[in-house]
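Visitor: Hi, I have a new structure to look at. Can you walk me through it?

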Amino acid sequence: MVGSERDTSIIGPDDPILVTGATGFIGSRLVENLLGRGFRNLRCFARPSSHVATLDALAGRHRGARIQLVKGNLLSREDCAVATRDVAVIFHLAVGGGKSFPEAFMNSVITTRNLLEASLRETCLRRFVNISSFAVYSNTQKPRWRLLDESCPVETRPALRGEAYCFAKVKQDELVTEYGRRFGIPYVIVRPGYVYGPGHEEISARVGIGTFGVFLHLGGWNTLPFTYVDNCAEAIALAGLKKGVEGKVFNVVDDELPSSRRFLRLYKQNVRRFASIGVPRVVSYAVCCLWEMYSKWSDEQLPPVFNRRRWHAYWKKTRYSNERTKAQLGWTPKVSMEEGFRRYFESCQARARHA
Amino acid sequence: MLRVAIVGCGKIADAHASQIQRISGCEIVGVCDSEPLMARQLYERFAVKRYFGDLSDLLNDARPDVVHITTPPESHFDIARSCLERGCHVYVEKPLTLHAEEAQILVALANERGLKLTVGHDDQFSHVARRMRSLVQSGYLGGRPVHMESHFGHELEDSAYARALLADKQHWVRRLPGKLLHNVISHGIARIAEFLSSDAPQVIAYGFVSPLLRGMGEEEIVDELRVIICEDERTTAYFTFSSQMRPSIHQFRIYGPKNGLFLDQDQETLIRLRGGRFKSYLEKFIPPVIFAEQHLGNVMTNVRGFLARDFHMRSGMRYLSESFYRSIREGSPVPIPYREILLTARIMDAIFDQLDTRRSPVISKSAARDQTRAYHAASVRQNERATPDSSTASASVGSSRPRGLGRCPGEGEVV
């Protein structure tokens with residue numbers, strides 16, 4: 001820890017830090033970031049089935065640090081009690097899996113509730129960092145080209161998005177806010193855009209979908225709210241450490257955001273060629289409207305997975321801001337978009353070779 | 001208006017809530033889960049009047065006529081019994097209970113109280129299953145079934161459920177007597193049970209952990225199962241459960257003395273297998289054309305259903321629920337006869353008993369044979385007593401371990 005950071009950090013290098021989802025895509029980068037900042041007492045919570053090779057490698061590189069691996073299930077209150085004991089900062093990154101609403105809810109909201117309940121018993125907790133998502137923003141009422149930032153409204157009826165992940169994340173944020181208000185939990189909410197990088201090679205649905213056998217390019221000239229995984233981990237780390245930001249929300253997107261068309265062109269040039277059909281925005285909106293109407297008319301014979309709310313959230317032309325995160329957390333994206341893409345495409349190529 | 005409640009607000013409860021809302025003349029008056037947040041999320045997404053974190057509160061305050069139980073199977077018996085004792089009709093998700101004795105007790109209790117009970121074997125009420133039943137009832141097979149084959153595939157690799165199960169050594173599925181099998185095979189077994197006439201068929205089961213799971217360090221989750229069911233040396237059936245077989249199918253074949261039928265649940269197709277043969281080379285050319293015509297007919301039937309907005313993924317559940325509610329309102333027979341429910345439970349018990357026996361290294365062949373004979377005798381006695389409306393019979397069944405069905409002599413060696 002450098003001197004200036006020590007002055008602005010809410011904890012010291014030996015205070016215990018809990019990272020849930022520590023073996024995951026972002027979690028492992030966050031652990032690396034925290035170790036790089038000189039924090040020496042990390043508790044990493046992971047599922048019993050998680051691969052811990054990355055953490056082992058990090059432990060090998062940071063001999064002086066104490067990296068405690070706790071394997072368990074956040075659905076277990078006992079496991080949560082063990083995980084949160086005496087911790088000063090909790091970074092809650094564990095992502096709820098499951099495509100159905102109850103599964104996603106259980107793995108996001110119930111787990112978060114258990115963690116919050118357990119942390120209520122810990123008097124030394126200084127910060128609870130809740131990792132949310134851009135998926136929670138409604139984006140419905142804003143005209144094109146309006147800015148999406150932290151002041152924008154969250155989905156008020158998230159179930160109507162037809163997307164379990166969105167529903168669970170909205171409910172998770174509500175729960176964290178409620179615990180902050182009722183019990184004084186010092187929370188911060190971080191909402192990353194689409195996090196890309198080695199280890200997450202899928203193409204974002206904001207670019208398009210391959211559901212119907214051919215890749216439908218829905219993004220057009222839209223700006224993509226991308227953030228490189230290391231940049232995102234940096235922002236999350238700062239959100240957990242910086243003084244005076246309790247109760248705030250921070251969106252995380254990089255600078256020099258690409259358009260969907262540019263990203264797709266680069267992907268095809270660097271990873272693999274495939275056929276895609278560009279779908280004009282008016283057409284994608286019309287399809288979403290019709291799908292939604294048919295779903296309602298047919299009593300959900302087709303589930304409402306395509307609907308207007310989803311179109312607004314993912315395929316509407318929107319601008320994004322990272323001003324608050326830069327100004328209040330002192331964050332800057334250290335990995336440029338160009339460098340991030342280079343690493344990402346290399347990783348995609350390697351994965352394609354091993355497939 | 002029939003007042004309906006749902007207990008257990010996990011994944012399958014969503015399907016129940018959706019289907020119940022499509023049925024006229026009923027309303028969901030309450031949902032309940034021991035985790036109140038889970039109850040609340042269901043309440044928020046569906047038009048439900050109230051949510052509860054306690055079963056007693058639900059029964060006292062919401063006063064449902066019917067309770068759908070969608071909790072994990074180990075709690076089915078206690079919850080169903082509580083609901084029946086409080087005067088509610090009960091729809092229990094499959095499997096009905098962990099053991100046949102418990103199923104027997106519930107059936108007896110329902111009869112004693114003048115209430116109705118059913119189990120979520122909704123695949124038997126899909127469009128295609130109903131078409132098959134009509135054909136069988138019309139005498140298409142030409143007599144009682146000679147042989148049946150039920151295939152039930154279950155892909156593990158891409159399933160979040162399977163990942164959770166394999167990763168978690170404390171997962172609730174591992175606490176079931178038949179573990180993974182217990183939670184999934186009843187659909188496939190119930191298909192066979194529907195067409196058996198005896199209450200005590202012989203059951204021979206062979207199960208093992210697939211090489212895939214063994215390679216993942218898994219030793220207790222049996223994911224490959226083969227079963228032979230034999231009824232008085234007249235009707236036989238094979239049941240196959242597999243996580244590794246590709247394609248992963250859900251199919252049923254039934255052969256009579258005259259004709260046969262082939263049902264594909266996933267594709268919702270029903271094919272008539274005619275018993276006669278064409279002469280000489282005609283047998284090589286005409287039957288494929290007939291099959292092609294039948295497949296095309298299935299396509300048209302499915303498309304018509306889709307266009308008529310009557311082809312939902314869980315249409316069987318809706319039909320079963322609707323039929324169950326009708327039986328409550330009109331006092332007509334339940335959609336799944338109790339005999340069939342109990343037979344399914346007994347066959348499952350027999351399968352799991354044999355898998356247990358096989359895994360126990362100390363059991364000798366002679367002991368296995370003795371045990372087999374004891375099971376057979378117990379089963380025969382049990383079936384002599386076990387009339388569905390006899391509460392005294394149920395009580396004695398509850399205490400008559402070991403449970404199970406009669407099996408072929410020497411099956412201990414086979415397993």
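Visitor: Let's start with one residue. Does Thr156(A) count as buried or exposed?

Guide: This is a predicted model, to begin with. Thr156(A) has 9 C-beta neighbours inside 10 Å, so it counts as exposed. The cut-off for exposed is 12 or fewer.

Visitor: Where does Thr156(A) lie?

Guide: In the loop between β6 (147–148) and α6 (164–183) of chain A. Its C-alpha atom is 35 Å from that of Ser336(A), and the two residues are 180 apart along the chain.

Visitor: What about chain A as a whole? How many helices and strands are in it?

Guide: Chain A has 12 helices and 14 strands. Its radius of gyration is 20 Å, close to the 20 Å that the globule rule gives for 355 residues, so chain A is as compact as a globular protein of that length. Its C-alpha atoms fill a box of roughly 55 × 45 × 40 Å along the principal axes.

Visitor: How much of chain A counts as buried?

Guide: 47% of its 355 residues. As for contacts between residues at least 6 apart in sequence, 78% join residues at least 24 apart.

Visitor: And the numbers for chain B?

Guide: Chain B comes to 16 helices and 13 strands. Of its 415 residues, 44% count as buried. Among its contacts between residues at least 6 apart in sequence, 71% join residues at least 24 apart.

Visitor: Now the inside. Which residues of the largest nonpolar core touch the most other members?

Guide: Ala5(B), Val31(B) and Val90(B), in a core of 126 residues. Helix α13 (residues 338–359) of chain B gives the most to this core, with 11 residues. A second, separate core has 72 residues, including Ile17(A), Ile90(A), Val176(A) and Tyr228(A).

Visitor: What is Val90(B) in contact with, leaving aside neighbours within four places in sequence?

Guide: Val67(B), Ile69(B), Ala80(B), Cys83(B), Leu84(B) and Leu117(B).

Visitor: Let's switch to helices. At what angle do α4 and α5 of chain B pack?

Guide: At about 10 degrees, with their axes 10 Å apart. Angles under 35 degrees count as roughly parallel, and α4(B) and α5(B) are therefore roughly parallel to each other.

Visitor: Which residues make that contact?

Guide: From α4(B), Phe77(B), Ala80(B), Arg81(B) and Leu84(B). From α5(B), Glu102(B), Leu106(B), Leu109(B), Ala110(B) and Arg113(B). They divide into 6 nonpolar, no polar and 3 charged.

Visitor: Last topic, the backbone. Where is there a cis peptide bond?

Guide: One joins Lys94(B) and Pro95(B), with omega about -10 degrees. Pro95(B) is in the loop between β5 (89–92) and α5 of chain B. Another joins Arg246(B) and Pro247(B), with omega about 0 degrees. Pro247(B) lies in the loop between β10 (235–242) and β11 (250–255) of chain B.

Visitor: Which residue other than glycine has a positive phi?

Guide: Asp299(A) is one of them, with phi near 60 degrees. Asp299(A) sits in the loop between α9 (281–297) and α10 (308–314) of chain A. Asp232(B) also has a positive phi, about 50 degrees.

Methods
Residues numbered from 1 in each chain as written. Chains lettered and ligands numbered in written order. Predicted model: local features only at pLDDT ≥ 70, side-chain atom pairs only at ≥ 80, totals over all residues. Core = buried A, V, L, I, M, F, W, Y, C linked by C-beta atoms within 7 Å. Buried ≥ 20, exposed ≤ 12 C-beta atoms within 10 Å, placed from the backbone. Helix = DSSP H or I, 4+ residues; strand = E, 2+ residues; numbered from the N terminus. Contact = placed C-beta atoms within 7 Å. Rg over C-alpha atoms; globule rule 2.2 N^0.38 Å. Axes fitted to C-alpha atoms, helices over the stretch in contact; angles between N-to-C directions. Parallel < 35°, antiparallel > 145°, perpendicular 65-115°, else oblique. Nonpolar A, V, L, I, M, F, W, Y, C, P; charged D, E, K, R; others polar.
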